[in-house]
Number of protein chains: 2
Amino acid sequence: MIDKASYLIEPWAIRESGVDLYDLGRSESLFALSNGHIGLRGNLDEGDPHGLPGSYLNSVHELRPLPYAEAGYGYPESGQTVINVTDGKIIRLLVDDEPFDIRYGELLSHQRMIDFREGVLTRDVEWVSPAGQTIRVHSERLVSFSQRSIAAFYYEVEAIGDPARVVIQSELVANEQLPTWRGDPRAAAALESPLISERHRADGTKVETVHITRHSEIRVAAAMDHHFEGPDSLGISSESEPDAGRVTATVVLLPGQKLRMVKWLAYGWSEQRSLPALRDQAVAALVAARQTGWGGLVREQKEYLDAFWARADVEVDGDPEVQQAVRFALFHVLQSAARAERRAIPAKGLTGPGYDGHAFWDSETYVLPVLTYTAPAAAGDALRWRHATLPLARERAELLDLAGAAFPWRTIHGEECSGYWPAGTAAFHVNADIADAVARYVNVTEDERFEREVGLEILVETARLWRSLGHHDLDGRFRIDGVTGPDEYSAIADNNVYTNLMAQRNLIAAADAARRHPDRAAELGVDAEVTASWRDAAEDMFIPYDPHLGVHPQSEGFTEHQVWDFEHTTAEQYPLLLHFPYFDLYRKQVVKQADLVLAMQRCGDAFTMDEKIRNFAYYEALTVRDSSLSACCQAVMAAECGHLSLAHDYLREAALMDLRDIEHNTGDGLHMASLAGSWIALVEGFGGLRDGGEVIAFSPRLPEGLTRLAFGLCVRGRHLRVEVSDATATYTVSEGPAMTLLHHGQTVRVQPGEPVSLDVPPAPVLERPRQPAGREPLRFLRPPGEGGPSNPGAGSSAGGAASVGGGHGGHSGVGGHPGVGGHSGVGGHTGGRGGSGSTAGAVPSATGSTVDG
Amino acid sequence: MIDKASYLIEPWAIRESGVDLYDLGRSESLFALSNGHIGLRGNLDEGDPHGLPGSYLNSVHELRPLPYAEAGYGYPESGQTVINVTDGKIIRLLVDDEPFDIRYGELLSHQRMIDFREGVLTRDVEWVSPAGQTIRVHSERLVSFSQRSIAAFYYEVEAIGDPARVVIQSELVANEQLPTWRGDPRAAAALESPLISERHRADGTKVETVHITRHSEIRVAAAMDHHFEGPDSLGISSESEPDAGRVTATVVLLPGQKLRMVKWLAYGWSEQRSLPALRDQAVAALVAARQTGWGGLVREQKEYLDAFWARADVEVDGDPEVQQAVRFALFHVLQSAARAERRAIPAKGLTGPGYDGHAFWDSETYVLPVLTYTAPAAAGDALRWRHATLPLARERAELLDLAGAAFPWRTIHGEECSGYWPAGTAAFHVNADIADAVARYVNVTEDERFEREVGLEILVETARLWRSLGHHDLDGRFRIDGVTGPDEYSAIADNNVYTNLMAQRNLIAAADAARRHPDRAAELGVDAEVTASWRDAAEDMFIPYDPHLGVHPQSEGFTEHQVWDFEHTTAEQYPLLLHFPYFDLYRKQVVKQADLVLAMQRCGDAFTMDEKIRNFAYYEALTVRDSSLSACCQAVMAAECGHLSLAHDYLREAALMDLRDIEHNTGDGLHMASLAGSWIALVEGFGGLRDGGEVIAFSPRLPEGLTRLAFGLCVRGRHLRVEVSDATATYTVSEGPAMTLLHHGQTVRVQPGEPVSLDVPPAPVLERPRQPAGREPLRFLRPPGEGGPSNPGAGSSAGGAASVGGGHGGHSGVGGHPGVGGHSGVGGHTGGRGGSGSTAGAVPSATGSTVDG
């Protein structure tokens with residue numbers, strides 16, 4: 001049981017059988033629970049052993065100095081880092097004075113599971129203590145979607161064979177000891193014991209603590225209450241000290257007898273509110289939750305998820321791994337955002353401390369497209385958070401001598417926290433990404449009030465930014481020079497196509513929105529002269545093109561640069577950023593992640609189909625995918641260009657990023673963008689969803705191997721269900737009035753309750769584009785049914801389940817594809833991303849299937 | 001006397017009358033003595049008060065960590081910082097138990113002077129102690145050119161009016177308390193008390209100490225000995241402790257009686273040698289110096305300088321300030337290099353800790369051209385130092401995945417110490433600059449053995465670097481992408497014209513040298529295929545040109561960028577790097593320092609005269625001169641283009657950089673490159689010296705106001721003297737055989753001892769190019785005779801002397817031109833360069849002239 005964990009392939013759940021002591025961090029991320037407000041890593045109830053303990057409250061962070069060997073004007077001096085707050089997950093168990101610890105004694109069985117329809121983490125353990133006492137523990141845990149400040153726990157212990165004296169200690173622990181930080185030692189110093197105790201109190205089954213963070217001065221209240229059921233000998237006590245609170249229950253269990261506990265945990269935090277106010281807030285939430293009861297919370301959880309899945313479920317026949325993965329992805333994307341409510345959606349959600357807990361452009365570019373169609377309220381809230389940071393973004397723009405607002409490249413609280421400007425400040429596209437998310441949200445939800453109160457101001461301020469960032473050259477072209485596009489293996493280049501196209505769209509969206517809300521626009525100082533100058537700039541936007549090669553250079557001059565020497569780059573030298581200097585990467589044709597390809601995905605109208613096919617093939621040969629943000633984009637454009645099998649490969653890579661721990665850093669938290677990317681690859685890729693204008697468009701087409709794809713969208717007041725099979729696509733308006741849509745360019749009117757089925761045209765026959773040697777889509781991820789070592793004979797998605805081997809380095813991968821880095825920065829605070837890069841042997845590959853019980 | 005210092009204008013000396021307590025640092029740099037091996041700042045003998053105490057030994061440095069907010073592959077982790085070593089300058093004086101300290105009592109007179117023909121700092125003081133005792137102190141100080149490990153001091157105190165009990169304490173002090181460091185606090189922490197005592201001993205009039213640096217483990221031995229003369233009551237004692245040694249003489253002086261002391265100070269240091277070996281080395285040097293005696297050392301000093309001036313003197317009639325300045329410059333350039341002997345020539349010489357004591361490309365590009373023609377042995381030694389660092393440069397190239405050798409952007413010991421790669425590692429031109437210095441040295445000295453043993457290997461390894469750094473594009477052009485040229489307001493650009501032209505020259509020079517030394521080339525692995533590929537690359541070198549504007553873009557695409565908004569940039573916003581982010585600077589047309597203009601100066605053959613005139617005018621309008629490395633280049637190209645008055649203005653700015661403390665950071669050390677630049681502006685500018693090929697060429701032409709310019713050059717075994725007046729240029733071979741030269745394109749044969757006089761053609765009449773508003777050459781530096789507030793009625797250069805006001809903020813400048821930054825990096829270790837930039841009121845301007853006594 002120990003050192004061996006299998007993750008089973010099931011359509012609606014993630015289930016771990018056994019436990020891998022050396023890879024606990026990964027399971028803690030996979031089994032993390034969150035509602036976007038509170039996040040609890042899937043640490044074992046008893047706290048030890050752990051990969052990385054983690055309890056996170058959205059936006060609760062500490063400050064740390066950002067050092068520079070050579071300083072420069074405008075460099076941020078203070079960074080923000082998510083902190084592990086007061087841990088209320090811990091439930092220690094003593095059996096006849098021996099602590100329950102799976103590292104000792106004998107573990108007979110260990111299973112953990114989340115059913116995505118339930119939203120509850122369950123755990124079943126049978127353990128023999130070193131002294132020979134057998135017990136059975138069943139626990140459940142939830143972070144409530146319905147009561148955002150609440151997490152709750154159900155814990156049941158049963159003695160087997162012999163009577164046992166059992167003690168349960170339910171804890172609240174601040175300033176937990178964490179594993180040594182792997183990055184900047186100064187950051188670690190600043191972050192040790194970040195919480196200062198302000199109050200602690202124990203009373204009966206209740207404990208309250210209040211702390212405040214040392215530098216950021218955020219006050220955090222945590223409170224817990226309990227209900228116990230057990231034999232009459234049950235005794236209960238409680239105690240507290242500055243950094244800990246404890247409720248203890250002790251009882252002698254006869255064989256078959258059980259001790260049951262329900263634990264409610266409430267948090268409250270604020271930069272402003274007083275200690276009594278915050279304490280009262282947490283205690284009030286606790287009282288309400290206790291009244292709801294464990295059963296009530298579980299019921300509410302299910303109701304919330306039922307509603308979500310009815311809107312959002314994606315069905316995939318023919319690839320059970322992808323079926324599981326896309327539901328896993330949707331579940332976690334929902335968890336990251338559901339109740340974030342005007343706080344950021346970090347790159348890792350609230351599943352781990354990776355990237356310091358920062359939010360990047362990924363939120364708007366990858367996560368919000370999914371939420372906009374499946375949980376639009378959460379998407380709106382995320383954009384309201386950006387809106388709330390506008391004053392800081394205006395300050396940043398002013399510091400940079402620019403007009404409007406410049407949103408940060410990475411942040412928790414709104415201030416720029418990037419310590420390397422060529423891949424931070426210079427990546428101005430984040431502003432157009434945010435504006436695009438606003439325009440998309442308004443277009444899809446038709447939420448006019450949002451546009452008027454929130455969206456317009458973001459569009460206006462970002463349009464102002466672009467107008468001041470670009471300039472007309474002597475030929476009248478509007479140029480945006482010296483910026484960094486999405487591809488982090490290039491930087492500080494002129495006229496990045498993605499940036500220029502997105503800026504163009506930003507300028508037009510702002511002008512259009514100002515026209516729709518002239519009074520509000522006037523309040524923002526926007527008149528017809530201003531919007532005309534935005535439209536002029538958009539009209540004159542320079543999009544470089546290389547007529548010799550017949551492709552678009554990613555940025556001006558890119559195609560004249562030397563092509564990276566892929567032939568002499570060994571597998572161990574990926575990710576390149578850990579083995580080559582930025583200097584070398586920036587000046588050559590090598591692409592970390594979709595950039596021009598993303599431009600074609602997001603701004604498809606700017607390219608002809610021929611251009612798309614040529615560009616796609618050109619950039620395939622240069623793209624090494626050293627980022628988790630790439631595979632889904634490549635899937636979408638591969639599908640559009642007709643490379644369906646390749647698209648399927650990329651879909652699988654995006655979808656299995658965390659389930660297979662492809663980058664070996666799932667332990668730091670899940671890759672929200674890549675998870676969202678599995679939806680994007682399916683819906684925008686094989687569904688062919690494009691929705692920039694008035695009419696939503698689909699160009700569905702399935703690859704060999706996928707027999708059916710069905711997905712639901714909330715769009716313009718309707719609920720639309722799309723079902724695609726090999727030959728036919730069926731559109732159903734299940735809620736709302738009739739709507740018009742495009743199917744492969746053909747206008748279709750769909751009446752409510754009257755599904756329309758249309759033929760799917762065959763894909764063109766094209767040569768499969770080539771990737772750099774060794775950087776093909778991961779071969780060990782090859783879909784089932786194509787032979788090879790992956791999941792031979794995996795069951796269908798309808799109830800059967802196959803298992804995929806986990807473990808650390810247990811099975812050598814076929815491709816030996818090493819770890820792949822994500823955002824910018826080696827080391828620094830993001831620590832071990834990709835590690836030393838020499839991880840070829842540590843890639844988990846598929847094992848034979850088993851049937852679960 | 002206090003708070004008021006005048007620097008007098010004399011042809012052969014720098015003389016300070018009075019002393020400015022608030023600007024002591026400046027005088028300490030101006031009066032610094034050095035032989036390139038040892039450097040002593042012009043601190044007052046008694047140690048206090050001081051701006052910044054400084055005793056430097058070439059290459060003695062400490063290590064400090066280089067921190068990064070976000071780390072990256074290949075970033076240097078350790079920096080090197082020059083340290084203030086054991087101070088042997090201190091001679092404290094007690095008068096009737098009161099310490100002689102100019103801040104107390106009454107200072108009747110205070111004068112310091114260096115005669116550039118003597119190389120001795122003299123000081124004369126008359127002081128009344130707070131108790132009313134008047135004394136007269138006369139001191140002299142030298143750092144020996146002839147005995148490189150030796151400094152020596154003569155000290156004489158005389159009682160006036162009343163008898164006085166006088167105590168002299170001659171000290172040796174390690175780990176002196178320094179003013180708070182103004183940069184990175186971590187650097188300061190690492191550098192506090194860098195010396196660990198290993199030995200100390202006092203014996204009679206002798207004291208020895210040995211220390212070792214904490215991290216860099218460089219052992220430093222210092223030893224002093226003394227000779228006293230005075231009345232019979234003279235008593236002498238000595239003592240030592242770990243960080244201090246002291247010899248004390250005490251005596252009662254009757255009025256008119258004097259106590260005289262000679263102090264000899266010797267240093268030895270090594271990374272390798274043992275303690276006894278180093279101690280013996282220092283003591284041996286001491287014994288030899290004592291035997292030479294004070295008079296002997298003074299004599300040797302004069303002989304050394306007589307020989308130098310006979311070769312190197314530059315005479316300027318019509319501008320006495322420039323006459324003084326160019327001799328001041330030559331004296332300090334000589335001091336920085338004379339006995340450096342295979343160690344680096346730092347950007348500040350050994351006059352202060354600015355730029356951490358690092359050497360940059362300035363050494364090869366600005367200082368070595370001067371030394372090559374005036375002190376060729378020192379130039380050769382400086383290149384031998386580079387040669388000695390080749391193993392480190394090869395390692396660096398390998399780390400960067402490049403062939404050959406990549407010399408560091410900034411270093412003391414040879415390792416790259418730049419903490420900001422876009423303005424460090426990416427500035428690869430440093431390699432071509434070094435290669436060019438090698439080629440120049442060989443061409444001028446015809447030192448074949450040097451070429452074979454030293455030069456060839458540098459040329460070969462740098463050529464290999466360029467060949468691997470560039471690539472042929474599909475059109476067959478050889479491109480060098482993503483590098484940074486000299487202008488630090490641009491970075492990471494493609495095909496920087498300066499870099500490409502210098503790389504071209506590097507490749508050809510290497511191929512030519514390999515042909516001259518085929519056997520040695522073969523040992524280095526260079527065969528005909530290799531040299532052919534170098535010549536191919538040079539032949540195909542891409543030099544971008546903008547046909548629409550008819551100018552060369554500094555780098556590809558540069559002329560399409562937005563022009564900096566000079567109109568709305570206020571005087572307080574210069575230097576721009578302190579008020580705008582690099583992001584903003586890099587993407588716009590704004591030039592910190594000559595870049596394309598430097599390309600035209602160094603590689604003139606690549607441009608037609610028309611192109612030069614157009615390019616010069618274009619870049620004049622964009623160049624803000626926020627660097628001390630620019631004015632001299634602009635002077636040279638202004639002169640070549642025929643803008644003689646403008647050239648004169650730039651000459652003055654280069655020449656007076658430190659004498660007038662234009663950048664307000666002379667206190668950190670003198671700007672060696674700008675000092676060398678005053679020679680370059682005169683000799684390459686008004687002398688029109690160009691010497692790339694077989695025949696040396698001159699195109700002399702004087703601006704209005706300069707009536708005569710004469711200079712000497714050591715070239716190809718001759719000593720050539722060039723004398724230019726308004727209408728005529730005269731060439732004299734004063735040593736060596738006949739030689740051929742070009743005069744304004746005309747071939748001339750000059751026989752030894754037979755001066756040839758030729759007409760100077762008139763300059764074309766051209767419109768004076770415009771500079772960005774407020775960035776014209778400094779108006780308060782306008783030459784004498786042109787009216788305005790500067791030096792009305794200043795005397796001629798022939799013996800008369802005018803004074804220029806010093807003081808802090810005493811006289812508001814006309815232009816209000818604020819401080820100007822030098823190398824890259826705000827803050828960091830270089831601290832207060834330019835300070836807050838709001839220094840308009842603090843610029844010293846000229847005052848009325850006085851006649852010196």
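How many salt bridges are counted between chain A and chain B? The count is 6. A salt bridge here is a side-chain nitrogen of Lys or Arg within 4 Å of a carboxyl oxygen of Asp or Glu.

## Basis

This is a predicted model, in which local features need pLDDT of at least 70 and side-chain atom pairs count only at pLDDT 80 or more, while totals for chains, interfaces and linings use all residues. Residues are numbered from 1 along each chain as its sequence is written, chains are lettered from A and ligands numbered from 1 in the order in which they are written, and side-chain values use heavy atoms, with hydrogens and water left out.

## Two copies

Two copies of a chain are related by a rotation about an axis and a shift along it.

## The interface

Chain A gives 55 residues to the contact, and chain B gives 55 residues. Contact means heavy atoms within 4.5 Å. Of the interface residues of chain A, 100% are also interface residues in chain B, so the copies meet through the same surface.

The area buried between the chains is about 4600 Å², and carbon and sulfur atoms give 55% of it. In chain A, Glu70(A), Tyr73(A) and Phe583(A) lose the most area to chain B, together 17% of what that side buries. Buried area is the accessible area (1.4 Å probe) that two parts lose on being put together, summed over both.

One of the salt bridges joins Arg479(B) and Glu560(A), with the closest N and O atoms 3.6 Å apart.

An unreviewed UniProt entry lists Glu488(A) for "active site". Such annotations may be inferred rather than shown by experiment. Glu488(A) is buried, with a relative accessible area of 7%. Buried means under 20%, exposed over 50%, and partly exposed in between (1.4 Å probe, protein chains only).

Lys206(A) is partly exposed, at 28% relative accessible area. Beyond residues up to four places away in sequence, Lys206(A) touches Arg201(A), Met224(A), Asp225(A), Val247(A) and Leu286(A). The C-alpha atoms of Lys206(A) and His227(A) are separated by 9.9 Å.
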